[in-house]
Amino acid sequence: MFDLVVKGGTVVTSRHCFRADVAMCGESIAAVGEGLEGRRVLDAEDRLVLPGCIDAHVHLDLPVGEFRSSDDFASGTRAALCGGVTTLVDFTVGSAGTSLPEDIRTRLEAARASVADYALHGEIVGWRRSRAGEIREALAMGVRSFKFFTAYGASGRRTDRGRLLDAFGVLSGVNALALVHAEDEEIVTALQGELSPEEEECMASLARTRPASCEAAAIHDVAWIAARTGARVHIVHVSSRDGVEEVRQARRRGVSLTAETCPQYLLLTEKAYAEAEGHLYSAAPALRTATDGETLWKALASGDLDMVATDHCPFTREQKRWKGSFRNLPYGLPGVETLLPLLYSEGVAKGRLSLPALVRLLAEAPARINGLYPRKGSLLPGADADLVVLDPHETWTLSAKALHMRTDFSPYEGLAVTGRVCATLSRGELVFADGTFLGHAGRGRFLAERS
Ligand SMILES: [Zn+2]
């Protein structure tokens, strides 16, 4: 007799779909099979049962200029669980004046209110060879992936190519993962320098001055440095056809490169910037064309892109108030709660992705890339009992009002969605059921053991 059995659903793994019960004991999956009996039963008849999703790119409580992203660890992880995301990977807030271990301790303190399990990427700002020892300390503290920016020189976050070459050499030596925000700073600076005063005041200039070519050029450079040093590199938020092409070519040459895209690049286009509230879509990379979006979907299906994450970095309408220039805005969009519904509705229900591909992109691949597999991202016996039960038939209209993310707009407001999360389990605990959140602050755990 098991503690809890999710009964009669269609179980989806990264390879198969089959009718089965999923049984758990305590916090772990105990068995997947037919006729399993439990002290408690959760009926999943006519529903899909998936491993909990992993959003490996979120920014909760992130300082951005004069603002902080509007979800903190309590509200952001609660929204995540309501949307079927059971594990999040956030970032430390790096600076040239603080050490990585200090950044990690500060972030772990902020993350204590989490309701979902989480891991951390270490943000590297101000790399110097003398900081190599900090990487070893960070590894011992459970941080195994390190984020670099090739852009944002003005705010001091950029790492130039010389420093990247040095840093990747160090990461390669300890088999740590480098994450890269890839936009070519020189292309952006040159294009922004050519803007007329009218263009400065035009939201569409965001996309024009951060074009697909700036992403492709940066990925090209980063791939060369990865090849040179042997470092494992992951490109975050690939947004364009040209970007995908650079990833594909690098992999063909044998470069150890993985890459993700985000729902906003799959579903939205730069036309949004021409809307009356176009400034609410401020993000970097910028939104692209419909052709870019279709290329990204195909790259997800073919495996040229490995996973989907959200880059969840919400702000309120007030924080995004238009102040006369596309440069004078916090960049970032909400997304953690809508990741699974949007990928199911626009991906699976519209025939762009198979169900196993959905599980590969939202659970297995992010778990593997981030050293969390098979404890997370799988339904194997012994794995954490993180599950989502999804009704594939229910249709609903997306609205910020009905979501749990702490922001007053959604980039997808009014979108007709097929498929809805009915229940979420985190380590065997029912934390969301039939529209009601059941978890409590502080139950989330830091995932320090990564492979
Ligand atoms: Zn990000």
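Predicted model: local features only at pLDDT ≥ 70, side-chain atom pairs only at ≥ 80, totals over all residues.
1. Residues are numbered from 1 along each chain as its sequence is written, and side-chain values use heavy atoms, with hydrogens and water left out.

2. S69 is found in the loop between strand 8 (67-68) and helix 1 (73-82); helices (H or I, at least four residues) and strands (E, at least two) are DSSP runs, numbered from the N terminus. S69 counts as buried at 4% relative accessibility (buried means under 20% relative accessible area, exposed over 50%, partly exposed in between, with a 1.4 Å probe and protein chains only). A polar atom of the S69 side chain lies 2.8 Å from the backbone nitrogen of L62.

3. The zinc ion is coordinated by H57 (NE2), H59 (NE2) and D311 (OD), at 2.0 to 2.2 Å. Donors are N, O and S atoms within 2.8 Å of the metal (3.2 Å for Na, K and Ca); water is not among the atoms, so sites may look incomplete. H57 is buried, at 1% relative accessible area, and H59 is buried at 8%.

4. Eight strands form an open sheet with parallel pairing, in the order 6-9-10-11-12-13-14-15 (two strands pair if DSSP finds at least two bridges between them). Its edge strands are strand 6 (53-55) and strand 15 (307-308).

Notes: Polar contact = N/O pair within 3.5 Å; in protein donor to acceptor, adjacent residues only side chain to side chain.
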